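Thanks for coming. I will go through a few local features of one chain, and I ask you to keep the structure open while I talk.

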Amino acid sequence: MRLRYLIPFFDPSSQNWATEPRLLRWLTFVWLFVGLVAMFSASYPSALAEHGDGLYYFKRQLTWMLVGMVGFNVIVNTPVRVALRTAQWGLFAVMGLLFLTIVPGLGTTINGATRWLSLGPILIQPSELMKPFLILQAARFFPRWERLSWRSRLTWLGIFLLILLLILAQPNLSTTALCGMTLWLIALAAGLPFLYLGGTAVGGLILATISISLREYQRKRVLSFMNPWADPVNDGYQLIQSLLAVGSGGLWGAGLGLSQQKLFYLPIQYSDFIFAVYAEEFGFVGGVLLLLMLVAYGTLALRVAQLANNIEHQLVAIGAMVVMVGQSLLNIGVATGVLPTTGLPLPLFSYGGSSMIASLAISALLIRVARESSEAQVIPIRPLAQNRG
């Protein structure tokens, strides 16, 4: 691979791509740029108060974005078969990191959840880094279902279940649910029997119910979602402040940087609830434009899946769409009170290096599938033997 491919945003080969990969590439860049602007605005007051530098979080996010863009260019220029072939090793490596988060003394606890590993000043969230490897390995495993022995099937299903349980143990119910839905939808697209899919769905609902029953804070989140004004000072406070931010935006918004709720009223305003700040500053019109961008992204992803050369590529495209678009809709649903409060970040918006790198990697996988789906297959023609008679 040429070194110039490692320069962020620069890829000389992109001008020769087909329509779908070029549109996805530019749509990703627009999404990323708007997200950086929103993160800068949402984080400035907290960064100034906590670190004496209003650009503290923005500079760190920009650094992670540059690192992620190097990986983005590498993946975009690497054949999908190579990514699929190495997916299981990446999955096992990140799985080891998930194990470390639940080891007493190794995991870093923030807001009551131990989801991070600390490497000096750098925090790594393995559950975010797991997402691209989970998509790749699921896309590699489920199409081979009929050709595998039951031993192989149960082995990999056990590994997937263990990954979900490790994420759930942090605890992180929202990411567990997203990863579980991604696996389920990839399996559905791969054509697995409905009996297995139905049983898995029921098992997932039972697991989620048990988790909510055993953890009081998760139960309070569900109850406060149903009526946040029943306890506006404690359990319902976060959602009420988010709704106030969204409602204050009106039609056109208060303007960039002019959100009031981010001034220490709305908790986690530059991460989980960044959409509320975005909606307050850019209004209903800005929110609709963001949703239209997600619709365009999802439509292109489905188009790429439809044009894909083989089932594995199709499933990678579907998995990428589920995580990028589905996670975005879940985050927006939480900020607008449509869904119970969860800890899912808004891809390419929320502060966090692991989320940024994982989101750019997933976007790059989708673009790579689009590139390979649209490339013409050149069939070599053997020269005809000349008659010597």
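I start with a term: buried means under 20% relative accessible area, exposed means over 50%, and partly exposed is in between, with a 1.4 Å probe and protein chains only. This is a predicted model, in which local features need pLDDT of at least 70 and side-chain atom pairs count only at pLDDT 80 or more, while totals for chains, interfaces and linings use all residues. Residues are numbered from 1 along each chain as its sequence is written, and side-chain values use heavy atoms, with hydrogens and water left out.

Now the loops. Leu348 sits between helix H11 (311-335) and helix H12 (353-374); helices here are DSSP runs of H or I with at least four residues, numbered from the N terminus. Is Leu348 buried or exposed? Leu348 counts as buried, because its relative accessibility is 2%. Its phi is positive, about 65°, although Leu348 is not a glycine.

Ile268 is another non-glycine residue with a positive phi, near 50°. Ile268 belongs to the loop between helix H9 (237-248) and helix H10 (274-307). With a relative accessible area of 30%, Ile268 is partly exposed.

The loop between helix H5 (150-168) and helix H6 (173-190) holds Pro171. The peptide bond leading from Gln170 into Pro171 is cis, with omega near -5°.

Next, Asn331, which is in helix H11. Asn331 has a relative accessible area of 1%, so it is buried. What does its side chain reach at 3.1 Å? That is the backbone oxygen of Asp272. A polar atom of the Asn331 side chain also lies 2.7 Å from the backbone oxygen of Leu344. Leaving aside neighbours within four places in sequence, Asn331 is in contact (heavy atoms within 4.5 Å) with Asp272, Phe275, Leu344, Pro345 and Leu346.

Last, a helix pair. Two packed helices are described by the angle between their axes and the distance between the axes. The axes of helix H3 (residues 80-101) and H5 come within 10 Å and cross at roughly 35°; axes are lines fitted to C-alpha atoms over the stretch in contact, and angles run from 0 to 180 degrees between N-to-C directions. On the H3 side, the residues in contact include Leu91, Phe92 and Met95, and on the H5 side they include Trp156, Phe160 and Ile163.

Key:
Helices (H or I, at least four residues) and strands (E, at least two) are DSSP runs, numbered from the N terminus. A polar contact is a pair of N or O atoms within 3.5 Å; within protein, one must be able to donate a hydrogen and the other to accept it, and residues adjacent in sequence count only if both atoms are side-chain atoms.
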